[in-house]
Amino acid sequence: MDVGSHLPLEAFRMTLADATSLTRPGARMGQSCASCGSDRVTSLAMTLTDGTPVSFRSCHACEHKVWWDATGRLDFADVLKRTAKR
């Protein structure tokens, strides 16, 4: 079960200041992978090609990746569609 899909959307909204780093001590506090529980995650705020602002989280232990927009979690197919050049 992917617990990340059941958490409130507010838990995934972030700003550039909230982005995590594997090299900055203390930057990863409180974040863990929804798939394996590892704290070796990186979170980024980005804008997709179609202009959609999203939050992205990637686990360095298991390679689990998740994207969210203002409406909730995005399927990988949606991310690919929104990033296609037109």
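Strand 2 and strand 3 run antiparallel to each other and pair over four bridges. Strands here are DSSP runs of type E with at least two residues, helices are DSSP runs of type H or I with at least four, and both are numbered from the N terminus. Two strands count as paired if DSSP finds at least two bridges between them. This is a predicted model, so local features need pLDDT of at least 70 and side-chain atom pairs count only at pLDDT 80 or more, while totals for chains, interfaces and linings use all residues. Residues are numbered from 1 along each chain as its sequence is written, and side-chain values use heavy atoms, with hydrogens and water left out.

**The sheet**

Let's look across from strand 2 to strand 3. Ser58 stands opposite Lys65 in strand 3, and Ser55 stands opposite Trp68 in strand 3. The hairpin of these two strands has five residues between them, and Glu63 there takes a positive phi near 70°. Glu63 sits in the loop between strand 2 (53-59) and strand 3. That's worth a second look, because most residues other than glycine have a negative phi.

On to the partner at the other side. Strand 1 and strand 2 are joined by seven bridges and run antiparallel. Thr47 stands opposite Pro53 in strand 2. These two strands also form a hairpin with five residues between them, and Gly51 in the turn has a positive phi of about 95°.

How many strands form the open sheet, and in which order? Four strands form it, in the order 1-2-3-4, with antiparallel pairing. Strand 1 (41-47) and strand 4 (72-74) are at the edges with a single partner strand each, so one side of each has no neighbour in the sheet. From one strand to the next, the twist averages 30° (axes are lines fitted to C-alpha atoms, for helices over the stretch in contact, and angles run from 0 to 180 degrees between N-to-C directions).

**What's tucked inside**

Buried means under 20% relative accessible area, exposed means over 50%, and partly exposed is in between, using a 1.4 Å probe and protein chains only. Strand 2 is largely enclosed by the rest of the structure, because six of its seven residues are buried.

Which residues make up the largest nonpolar core? There are six: Leu48, Val54, Phe56, Trp67, Leu74 and Val79. A nonpolar core is a set of buried Ala, Val, Leu, Ile, Met, Phe, Trp, Tyr and Cys residues joined through side-chain atoms within 4.5 Å. In soluble globular proteins, nonpolar side chains tend to be buried together.

Not counting residues up to four places away in sequence, Trp67 contacts Val54, Ser55, Phe56, Gly72, Arg73, Leu74, Phe76 and Val79, where contact means heavy atoms within 4.5 Å.

**Charged pairs**

A search of the whole structure turns up two salt bridges. A salt bridge is a side-chain nitrogen of Lys or Arg within 4 Å of a carboxyl oxygen of Asp or Glu.

| Salt bridge | N to O distance |
|---|---|
| Lys65 and Glu63 | 3.0 Å |
| Asp69 and Arg82 | 3.1 Å |

Asp69 is in strand 3 (residues 65-69) and Arg82 is in helix 1 (residues 76-83), so this pair ties together parts that are 13 residues apart in sequence. Is Asp69 buried or exposed? Asp69 is buried, with a relative accessible area of 9%, whereas Arg82 is partly exposed at 21%. Lys65, from the other pair, is partly exposed too, with a relative accessible area of 35%.

Asp69 has another link: a polar contact of 2.6 Å joins its side chain to that of Thr71. A polar contact is a pair of N or O atoms within 3.5 Å; within protein, one must be able to donate a hydrogen and the other to accept it, and residues adjacent in sequence count only if both atoms are side-chain atoms.

**Before and after**

Ser38 is in the segment before strand 1 and is buried, with a relative accessible area of 16%. Leaving out residues up to four places away in sequence, Ser38 touches Gln31, Ser32, Cys33, Cys59 and Ala61.

Arg86 is in the segment after helix 1 and counts as exposed at 82% relative accessibility. Setting aside neighbours within four places in sequence, Arg86 is in contact with Asp50 and Lys81. The C-alpha atoms of Arg86 and Thr49 are separated by 9.2 Å, and these residues are 37 residues apart along the chain.
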